[in-house]
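Subject: Structure handover

Hello,

Please find the structure below. My notes on what was found in it follow.

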Amino acid sequence: RVLCARIIEWKHYDNIIILAILVSTISLSIDSPLNDPNSDISLTTWFIDIAMTIVFTIEALTKIVVLGFVFNGKQSYLRDYWSIIDFLTVVTSLASFFGPRENTGLSFFKVFRVIRFLRPLRII
């Protein structure tokens, strides 16, 4: 827990997360359901999507370890509105990986990807 606290208190931590948000946002804006699923663009955005989901999952888990999930007082992870948006984004990102990989039609899990556009609000 102490190591996780040192990580989230590191002076460059927020800058790295903001950079990851920017990369994720650019990747999401490039990706389209109309792209050929085997094209270089689709494969690149898919790999970026996986990397960003891992980064944001680690961020959420680290903060949950340090702050507690809900019942650890007023500073608990899910007692902050930005953290709720982050957690919802991480959960929907993870859920989107359980759906089909193909870009044919609008799958139920592809709709979850729209929620990830909430993350750039954190920068603003």
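Before the rest, the conventions. This is a predicted model, in which local features need pLDDT of at least 70 and side-chain atom pairs count only at pLDDT 80 or more, while totals for chains, interfaces and linings use all residues. Residues are numbered from 1 along each chain as its sequence is written, and side-chain values use heavy atoms, with hydrogens and water left out.

Confidence
The predictor's confidence in each residue is given as pLDDT, from 0 to 100. Its mean over the chain is 81, and 77% of the residues reach 70 or more. Confidence is highest in helix α1 (residues 2–9), at a mean of 92, and lowest in α4, at 84.

Overall layout
The chain has four helices and zero strands, in the order α-α-α-α along the sequence. Helices (H or I, at least four residues) and strands (E, at least two) are DSSP runs, numbered from the N terminus. Of the 124 residues, 33% count as buried. The accessible surface of the chain is about 8,100 Å², and carbon and sulfur atoms hold 71% of it; the areas come from the Shrake-Rupley method with a 1.4 Å probe, and for residues only the protein chains shown count as cover. Among contacts (heavy atoms within 4.5 Å) with a separation of 6 or more, 62% are between residues 24 or more positions apart.

The aromatic rings
Three aromatic pairs turn up in a search of the whole structure. In the pair of Phe69 and Phe87, the ring centres are 5.4 Å apart and the planes stand at 70 degrees, so the pair is edge-to-face. Phe69 sits in the loop between α3 and α4 (81–96) and Phe87 in helix α4, 18 residues apart, so that the pair links distant parts of the chain. Rings of Phe, Tyr and Trp (its six-membered ring) pair if their centres lie within 6.5 Å; planes under 30 degrees apart count as stacked, over 60 as edge-to-face and the rest as tilted. Phe69, Tyr77 and Phe87 form one aromatic cluster.

The nonpolar core
Tyr77 is also one of the ten residues in the largest nonpolar core, along with Tyr13, Ile17, Ala20, Ile21, Met52, Phe56, Ala60, Ile64 and Val90. Such a core is a set of buried Ala, Val, Leu, Ile, Met, Phe, Trp, Tyr and Cys residues joined through side-chain atoms within 4.5 Å. The elements that give two or more residues to this core are α2 (13–30) and α3.

Ala20 lies in helix α2 and is buried, at 6% relative accessibility. Not counting residues up to four places away in sequence, Ala20 touches Met52, Val55 and Phe56.

Helix α3
Thr45 lies in helix α3 (residues 40–67) and is buried, with a relative accessible area of 5%. Leaving aside neighbours within four places in sequence, Thr45 is in contact with Ser27, Ile30 and Asp31. After α3 comes Gly68, whose phi is positive, near 90 degrees.

Regards

Terms used. Buried means under 20% relative accessible area, exposed over 50%, partly exposed in between (1.4 Å probe, protein chains only).
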